[in-house]
Amino acid sequence: MAELVATPEAGGQAEERVAVATQWQLMWWRFRKHKLAVGGTLVLIAFYVVAIFADFFAYADPQESDAQRSLMAPQPIHWIDEGRFRPYVYALKGTRDPLTFKRVYVPDTTRKIPIAFFGRGEPYELLGVIPTDRHFLAVEGASASQSLFLMGTDILGRDLWSRLMYATRTSMTIGLVSVALSLVLGVVLGGVSGYFGGIIDTVIQRIIEILRSIPTIPLWMGLAAALPADWSVVQVYFAITIIISLIGWTELARVVRGRFISLKEEDFVMAAELLGCSKARIIFRHMVPSFISHIIAATTLAIPAIIISETSLSFLGLGLRPPAISWGVLLQDAQNIQALVISPWLLIPAFSVIVAVLAFNFMGDGIRDAADPYL
Amino acid sequence: MISYIVRRLLLAVLTIWAISVLSFMIIHLPPGDYVTSYIASMSASGSAVSEGEATALREQLGLDKPITVQYAKWMGLMLQGNFGMAMEWGRPVSDVIGDRLTLTMVISVAAILFTWALALPIGIYSAVYPYSFLDYVFTFVGFIGLAFPGFLLALIVMYVGFAWFGANVGGLFSPDFIEAPWSIAKMWDLTKHLPIPAVVLGVAGTAQLIRIMRSNLLDELRKPYVMTARARGLSEYRVIMRYPVRVALNPFVSTIGYLLPYIVSGSIIVSLVLSLPTVGPLLLKALIAQDMFLAGTIVLLLGVMTVIGTFISDLLLMWVDPRIRLGRQ
């Protein structure tokens with residue numbers, strides 16, 4: 001045990017600490033050693049900071065379109081101006097390519113637009129309550145939505161960076177809402193199944209087996225397409241989370257059931273039973289605390305699958321619909337291969353998806369290993 | 001053995017029933033019924049449907065009856081192989097789906113074969129040489145593979161094909177063969193086009209299987225009988241392949257039951273990106289046109305095919321694993 005949670009302190013002292021540490025402390029010490037998991041966690045924290053403060057990190061209105069600025073390439077920031085740290089971008093001027101007559105944008109090297117961190121831009125409400133106009137990035141002496149394009153623009157001339165910030169908010173929260181729903185279903189059904197056993201267990205297990213042997217994407221597509229076309233963005237958002245979690249709870253139920261079955265045989269449960277504890281008290285006071293860490297691990301590992309599901313559905317145009325912005329909605333623009341070849345920056349949201357999914361997997365693996373010292 | 005087969009068969013029938021209910025739900029969820037959308041699609045193409053015709057059609061299809069009767073009637077039609085008309089196409093559903101369903105299954109099976117062919121040797125290697133350089137490389141690649149949704153991988157493959165090689169890597173046939181009747185040459189053409197979709201679809205599953213195989217075999221290799229075999233001077237190849245791999249293979253085979261639905265599911269969306277002539281693009285089109293009859297039928301048939309595939313893999317498992325064959329669970 002002691003060597004598993006080797007701490008900087010030497011020998012005896014460390015052992016003493018281990019002996020008195022709570023279960024959560026032991027888990028934290030083990031988790032800390034898992035470098036990939038810690039890295040994944042940090043990345044996720046960054047993602048959720050962006051999700052919470054999306055309007056702070058976005059410097060332009062994500063819906064403001066302008067056909068004049070359609071499909072502009074990402075614009076590099078120049079950090080050093082005349083030997084000093086003073087970030088700026090060149091202003092862009094649109095011209096026609098004399099050969100193809102395509103509209104192209106060339107940097108106008110005579111005009112520099114300075115960039116300020118935490119500068120003033122469009123007014124918005126931070127966290128929905130605090131009115132402010134400070135943004136992470138802002139330009140001085142010009143409108144950000146007309147001069148700053150860190151990741152280029154989409155086909156309608158909307159700024160991809162700002163849209164990506166808002167998309168992160170949608171996609172990262174849809175995972176949480178949906179996993180919360182799946183968790184409720186999974187814990188209740190898995191718990192009932194594992195604790196009571198018998199016929200109920202058989203029925204629930206068969207339902208899980210059936211659900212798992214159905215190809216999910218066609219089913220989701222069918223259900224999502226059946227949503228009324230006149231529903232609002234919020235209604236569709238919740239409908240999609242419900243559809244995804246209705247089928248996604250099975251894995252969580254499986255984990256919970258397995259834990260219940262193995263814990264039911266433990267001495268402390270029998271002791272509680274002999275002391276005359278009620279069923280509810282045995283389950284919630286004695287059993288749940290000892291496997292809650294496993295549930296957390298399973299939950300973390302379930303989120304990436306949900307994020308991918310939402311992205312796939314929205315990518316097909318059956319999930320969230322514009323004006324909602326999510327990673328899947330952004331990737332819809334990348335569906336057209338010809339457009340993608342001309343403007344590869346449309347694929348940038350794909351990397352957000354992959355990084356987020358990887359980070360969740362790393363963190364989930366770390367928690368799982370930390371939760372189970374016997375593995 | 002018999003009881004195992006019967007149990008699996010019962011479960012398969014139950015699953016098919018559940019899928020049929022869900023498909024029926026998909027058909028009936030949107031407002032309006034088949035006839036309203038039929039009228040809409042007919043008037044869009046210029047020909048009107050009279051009130052009398054509509055009522056007659058409703059009666060013929062039993063749409064005026066309670067929902068349970070409708071379901072029974074629909075199931076009856078399905079069992080007879082009468083899948084109704086695909087409105088947009090003006091042809092029977094079975095005509096529209098036929099080849100595409102077969103191709104969906106061909107691609108899925110190819111993806112599974114690829115998954116196995118790659119996961120088995122890599123899994124064995126990683127378990128025999130754990131924490132070696134290559135093991136770390138495979139683990140890392142596996143993690144990335146898990147994180148890549150199939151359709152994104154397909155997008156990137158298409159992009160690379162277009163931007164760097166100037167070639168369209170999508171599709172399942174060369175242009176000459178698309179309309180051609182089935183022949184040896186067309187089969188060969190299909191075989192040449194299969195690897196890209198199979199790889200794109202199989203990557204995530206491969207990553208998962210490598211991890212399963214590695215941990216199973218690692219557990220097995222630590223057991224005393226392996227040491228005994230070594231002590232007796234068996235060749236390393238025999239020590240590993242003869243028993244531990246066979247035992248570790250068992251959970252490997254049983255995962256096919258989960259792998260198939262997963263891959264079929266992924267093939268739908270990957271097909272759209274790679275423009276493969278499977279049921280995927282058809283399903284999407286049907287859903288967008290609100291042709292729920294066609295969509296429901298596709299979901300149903302896809303589900304049924306998957307269940308049959310899973311059942312076959314169960315039989316395969318029985319053949320591989322004597323413990324199941326001899327009746328002990």
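In what sense, parallel or antiparallel, do strand 4 and strand 5 of chain A pair? Point 2 has the reply, after a word on the model.

1. **What you are looking at.** This is a predicted model, in which local features need pLDDT of at least 70, side-chain atom pairs count only at pLDDT 80 or more, and totals for chains, interfaces and linings use all residues. Residues are numbered from 1 along each chain as its sequence is written, while chains are lettered from A and ligands numbered from 1 in the order in which they are written.

2. **The strand pair.** Strand 4 (residues 120-126) and strand 5 (residues 130-134) of chain A pair in the antiparallel sense, over four bridges. Strands here are DSSP runs of E with at least two residues, helices are runs of H or I with at least four, and both are numbered from the N terminus; two strands pair if DSSP finds at least two bridges between them. Look for Glu125(A), which stands opposite Pro131(A). The two strands form a hairpin with three residues between them, and Leu127(A) in the turn has a positive phi of about 55 degrees.

3. **Chain A as a whole.** You can find 15 helices and six strands in chain A. Its C-alpha atoms fill a box of roughly 85 × 60 × 40 Å along the principal axes. Of its 375 residues, 39% count as buried, meaning that 20 or more other C-beta atoms lie within 10 Å of a residue's own, with C-beta atoms placed from the backbone (exposed is 12 or fewer, partly exposed in between).

4. **Helix 9.** Helix 9 of chain A (residues 233-248) reaches 22 Å from its first C-alpha to its last, close to the 22 Å expected; the expected span is 1.5 Å times one less than the number of residues. Its buried residues include Tyr237(A), Ile240(A) and Gly248(A). Helix 6 (160-196), helix 8 and helix 12 of chain A are among what covers them.

5. **Where the chains meet.** Here 35 residues of chain A are in contact with 43 residues of chain B, contact being C-beta atoms, placed from the backbone, within 7 Å. Helix 8 of chain A gives the largest share of chain A's side, eight residues.

6. **The core.** The largest nonpolar core has 162 residues, and Met221(A), Leu283(B) and Ile298(B) have the most contacts inside it. Such a core is a set of buried Ala, Val, Leu, Ile, Met, Phe, Trp, Tyr and Cys residues joined through C-beta atoms within 7 Å. Among the residues that Ile298(B) touches are Pro218(A) and Ile97(B).

Conventions. Two residues are in contact if their C-beta atoms, placed from the backbone, lie within 7 Å. Lists of a residue's contacts leave out its neighbours within four places in sequence.
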